Amino acid sequence: MKVIELAKPATIESLRLVERDVPRPGIGEVLIKVSASSLNFHDYLVVTGVLPAAEGRVPLSDGVGEVVETGVGVSRVSIGDRVMGCFFPNWLDGPATPEKTAQMRGDHVDGFAAEYVVVSAEGITLAPAGLTDVEAATLPCAAVTAWRALFVEAATKPGDTVVVQGTGGVSIFVLQFARMAGANVIALSSTPEKLERLKSLGASHVVNYAEQPEWGSAVLALTGGRGADLVTEVVGGDLTQTLKAQKFGGRTSLIGALSRKPISYASMFAIVGNRSVTGMTVGSRSDQENMTNAIAANCLCPAVDRVFSFQEIVEAFRYQEAKSHFGKIGLSW
């Protein structure tokens, strides 16, 4: 079978396509014929060596495929089921713990950049029937992260105001899920074209942060001085505008750190306003199943910008690196 693996030193160009034997499932495991995957910022950090991974590691945390063989003791899924992996294969439900989040696919354990993978039957869920393989493959990392930020950590409800930053996978899912729940969304981007696309997905208001660097004040103005209930922070670095955009008692879900700069903000501004900043990483298998049910019930369709073949994985990561995509970047065998 064809497998993409990391070489040392890790760079995008050092990703190599190799041949390996098709693995066999053991007790409690299943063999999946992989059909599709998608790129996440976490994957980029792994393949560029920012997050160290073993030589020969198979990258990509997200994956969808068909169960073609089951090991002894498997009852959760059957041969022929279309399934998708969970980002944290050991986090089944409940709050995060060090043990549950100790392994990430494509990082500590092999990911889905292979024609066939063997995984624990406990670390997968059924894929939504109404989505293509590539669309379903966008869900396990970015969509589950958005779901948990909105509905597990923040309990977003109709009429709330949510701020999203940029047009990456997590931000677009936050926009789609928030609108699905009846919340109002204020979306930030730096190009008129992307701002128009954000409005077409249901953003109530859009703000060009390149033209309005004091975008926290713009959010306050758009909310009549009240501020947002939730800001989904994916950039990191200086959070002054993020906190300024929050209502009294509001929340920031610190999801990513695309800027890779240290987090900073005026502590008194947070204290006086009773504002919170909470770090979070993806979610559990239970979160993924709840999200999948909501997607199916609401016929939600992920935003896929472009699809590459797995053999074009270097080009796919370079496209991601250029930061011109809107939504998710898919991969397909």
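Which residues lie nearest the centre of the second largest pocket? I looked and found D110, G111, V117, V118 and V119, among 18 lining residues.

**Ground rules.** I am reading a predicted model: local features need pLDDT of at least 70, side-chain atom pairs count only at pLDDT 80 or more, and totals for chains, interfaces and linings use all residues. Residues are numbered from 1 along each chain as its sequence is written, and side-chain values use heavy atoms, with hydrogens and water left out.

**Pocket.** I noted its terms. On a 1 Å grid over the protein atoms alone, a pocket is an open set of points where a 1.4 Å probe fits, with protein on both sides within 12 Å along at least five of seven lines; lining residues have an atom within 4 Å of a point. The second largest pocket holds about 250 Å³ of space. Its lining has 10 nonpolar, 4 polar (Gly counts here) and 4 charged residues.

**Sheet.** I then traced an open sheet of 6 strands, with parallel pairing (at least two DSSP bridges). The order is β10-β9-β8-β11-β12-β13. Strands are DSSP runs of E, at least two residues; helices are runs of H or I, at least four. β10 (205-208) and β13 (276-279) are the edges; each has a single partner strand, so one side of each lacks a neighbour in the sheet.

**Inside the sheet.** I counted 3 bridges between β8 (161-165) and β11 (228-233). V163 has V231 as its bridge partner in β11.

**Helix.** I checked α4 (169-180) next. It packs on the sheet and touches β8, β9 (184-189) and β11 (contact: heavy atoms within 4.5 Å).

Key. Grid points are joined across faces, edges and corners, and a volume is the space filled by probe spheres set on the points. Axes are lines fitted to C-alpha atoms, for helices over the stretch in contact, and angles run from 0 to 180 degrees between N-to-C directions.
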